[in-house]
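This report concerns one predicted model. Please read it alongside the sequence and coordinates.

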Amino acid sequence: MEQGEAKMIVELGQEDRLSDEVILNRLQKKIGVSLERAEEYLYEYGKQLV
């Protein structure tokens, strides 16, 4: 479930052209992950967008 939420946060953030810093902040606050885990999600799901 955490991965699904993270993917949605990253994809929507990038669609809205938010900075990586804002997306990382949202990941940490909304799903309660560490900065390191948030960075992993951003890398994993952020690269899927074209």
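The sections below treat the basis of the model, a helix pair and a salt bridge.

## Basis

The model is predicted, so that local features need pLDDT of at least 70 and side-chain atom pairs count only at pLDDT 80 or more, while totals for chains, interfaces and linings use all residues. Residues are numbered from 1 along each chain as its sequence is written, and side-chain values use heavy atoms, without hydrogens and water.

## Packing of α2 and α3

Helix α2 spans residues 20–31 and helix α3 residues 35–46; helices are DSSP runs of H or I with at least four residues, numbered from the N terminus. Their axes come within 9 Å and cross at roughly 120°. The axes are lines fitted to C-alpha atoms over the stretch in contact, with angles from 0 to 180 degrees between N-to-C directions. α2 is therefore oblique to α3.

In this pair, D20, I23, L24, L27, Q28 and I31 of α2 meet L35, A38, E39, Y41 and L42 of α3, contact being heavy atoms within 4.5 Å. The residues of this contact comprise eight nonpolar, one polar and two charged.

## Salt bridge

The count comes to one salt bridge, defined as a side-chain nitrogen of Lys or Arg within 4 Å of a carboxyl oxygen of Asp or Glu. R37 pairs with E40, and the closest N and O atoms are 2.5 Å apart. Because R37 and E40 lie three residues apart in helix α3, about one helical turn separates them.

R37 is partly exposed at 27% relative accessibility, and E40 is partly exposed at 42%. Partly exposed lies between buried (under 20% relative accessible area) and exposed (over 50%), with a 1.4 Å probe and protein chains only.

Terms used:
Helix = DSSP H or I, 4+ residues; strand = E, 2+ residues; numbered from the N terminus. Parallel < 35°, antiparallel > 145°, perpendicular 65-115°, else oblique. Nonpolar A, V, L, I, M, F, W, Y, C, P; charged D, E, K, R; others polar.
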